[in-house]
Amino acid sequence: MSFELRASLGARNFDISLKISDGETVAILGPNGAGKSTLLGVIAGLLRPDSGAAKMGTAKGGERELFNFDGGTRFWSPPHLRGTALLAQEALLFPHLNALDNVAFGPRSAGASKVEARETARHWLAEVDALPLADRKPAQLSGGQAQRVAVARALAAEPELLLLDEPMAALDIHAAPLLRRVLKRVLQDRKAIIVTHDVLDAYMLADRVIVVENGRIAEEGPTRQVLERPRSHFAAGLAGLNLVAGTLSEDGITTPDGRLFAGQHDPGWSSRPGQAGVAAFPPSSVSVFPGEVHGSPRNSFPVVITDLEPHGDQIRVRASLGHAAQVLSADITPAASADLGLVPGMEVRFVVKSALVSLYPA
Ligand SMILES: Nc1ncnc2c1ncn2[C@@H]1O[C@H](COP(=O)(O)OP(=O)(O)OP(=O)(O)O)[C@@H](O)[C@H]1O
């Protein structure tokens with residue numbers, strides 16, 4: 001009962017293959033314009049790729065083609081016959097129907113009697129903690145309530161694959177946690193793809209993370225692995241880690257411009273000449289010094305400060321290293337920042353504690 005897709009769409013520079021197992025929720029992360037919405041559009045049947053194919057395993061053990069443009073075939077299934085349901089950022093409920101009838105609409109269209117459809121609707125409203133809202137029109141619902149009703153409406157259509165496009169994005173910070181808890185419950189054991197900008201969503205809701213950059217998969221893996229041992233700059237940024245790529249050796253990572261970042265290898269790591277790898281370390285492992293440093297010269301790099309901003313009760317100092325467009329961050333106290341007189345454009349040294357640098361193959 002898995003879902004499989006291969007699709008390319010030249011006009012959007014999009015080329016992605018993926019597979020989703022039964023019961024698996026996958027989070028799609030990536031920068032703006034990476035192709036996340038394009039992916040959902042192609043699956044839901046709102047966008048037509050140039051080539052590729054997609055199929056969905058069905059409950060009865062069969063297979064349903066969503067589209068197939070391979071070898072001269074031009075098979076294209078319309079959105080309502082795909083077994084997918086798309087939940088957008090905004091709830092998009094029918095304004096003239098109350099919550100119950102919004103949810104009953106799908107089952108009713110699929111042939112259920114009015115009584116049956118309302119029974120089904122009540123079940124799904126209860127699942128999303130929205131039964132008390134059944135009689136309200138969308139205009140009488142808050143953003144978070146409307147979004148929960150929209151989740152019930154999507155589930156009432158019994159989709160084989162649920163597609164969620166940043167479902168929390170339009171909600172205020174008080175409404176998001178409740179919807180997140182509801183989603184955690186309803187996504188359990190369900191095939192779903194959730195596009196999100198929030199690591200918390202990935203941690204709470206997804207079994208696996210796919211990072212999309214420039215219309216391609218940049219990295220994928222179990223959520224914890226991707227967010228704790230990122231290989232792409234995007235995932236490292238989300239995880240709040242500095243990431244330096246290069247060649248692994250006993251001593252550390254050597255960057256293409258010849259700098260060595262010393263750190264800790266995985267236990268059991270064995271050296272292979274020329275092996276590509278990354279060094280990941282938190283901004284809290286970086287100290288900032290003016291000018292030359294005395295003592296151990298290890299992991300000490302001249303940098304130019306690009307910006308400073310508050311980060312919790314610390315100041316995050318961002319700086320560029322050499323010509324390689326490598327940006328590193330350090331977290332220091334406001335007092336230290338003031339004492340050092342840090343300003344953008346200033347040359348300083350970043351010293352990275354090698355005990356806190358994780359080295360692993362890319
Ligand atoms: N309606 C459109 N017509 C043509 N090109 C588009 C259209 N919408 C998006 N694109 C392009 O397709 C590419 C992928 O965009 P997409 O909206 O899928 O990105 P995204 O990852 O969802 O971004 P965001 O996080 O900003 O929502 C981008 O280059 C974008 O400029």
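Helices (H or I, at least four residues) and strands (E, at least two) are DSSP runs, numbered here from the N terminus. The structure is a predicted model, in which local features need pLDDT of at least 70, side-chain atom pairs count only at pLDDT 80 or more, and totals for chains, interfaces and linings use all residues. Residues are numbered from 1 along each chain as its sequence is written.

We can begin with the overall picture. The C-alpha trace of the chain spans about 80 × 50 × 40 Å along its principal axes. A residue is called buried if 20 or more other C-beta atoms lie within 10 Å of its own, exposed if 12 or fewer, and partly exposed in between, with C-beta atoms placed from the backbone. Of the 362 residues in the chain, 39% are buried. Two residues are in contact if their C-beta atoms, again placed from the backbone, lie within 7 Å. Among contacts between residues at least 6 apart in sequence, 64% join residues at least 24 apart.

Next comes the ligand. Its surroundings, counted as residues whose C-beta atom, placed from the backbone, lies within 6 Å of it, are Arg12, Gly30, Asn32, Gly33, Ala34, Gly35, Lys36, Ser37 and Thr38. For residue classes, Ala, Val, Leu, Ile, Met, Phe, Trp, Tyr, Cys and Pro count as nonpolar, Asp, Glu, Lys and Arg as charged, and the others, Gly among them, as polar.

Ala34, one of the residues around the ligand, sits in the loop between β3 (25-29) and α1. This alanine is buried, as 22 other C-beta atoms lie within 10 Å. Leaving aside residues up to four places away in sequence, Ala34 touches Val212, Glu213, Asn214 and Gly215. Ala34 and Val211 are 177 residues apart in sequence, yet their C-alpha atoms are 9.2 Å apart in space.

Helix α1 (residues 36-44) is largely enclosed by the rest of the structure, because seven of its nine residues are buried. These are Lys36, Thr38, Leu39, Leu40, Gly41, Val42 and Ile43. Just after α1, Gly45 takes a positive phi of about 95 degrees.

Helix packing can be followed from α2. Axes are lines fitted to C-alpha atoms, for helices over the stretch in contact, and angles run from 0 to 180 degrees between N-to-C directions. Helix α2 (residues 99-109) packs against helix α4 (residues 143-156) at an angle of about 20 degrees, with the axes 7 Å apart. Angles under 35 degrees count as roughly parallel, over 145 as roughly antiparallel, 65 to 115 as roughly perpendicular and the rest as oblique, and α2 is therefore roughly parallel to α4. The contact is made by Ala99, Asn102, Val103, Phe105, Gly106 and Pro107 of α2 with Val149, Ala152, Arg153 and Ala156 of α4. By class, seven nonpolar, two polar and one charged residues take part.

The axes of α2 and helix α3 (residues 114-127) come within 8 Å and cross at roughly 120 degrees, which makes α2 oblique to α3.

Finally, Asn13 is not a glycine but has a positive phi near 50 degrees. Asn13 lies in the loop between β1 (3-9) and β2 (14-20) and is partly exposed, with 14 other C-beta atoms within 10 Å.
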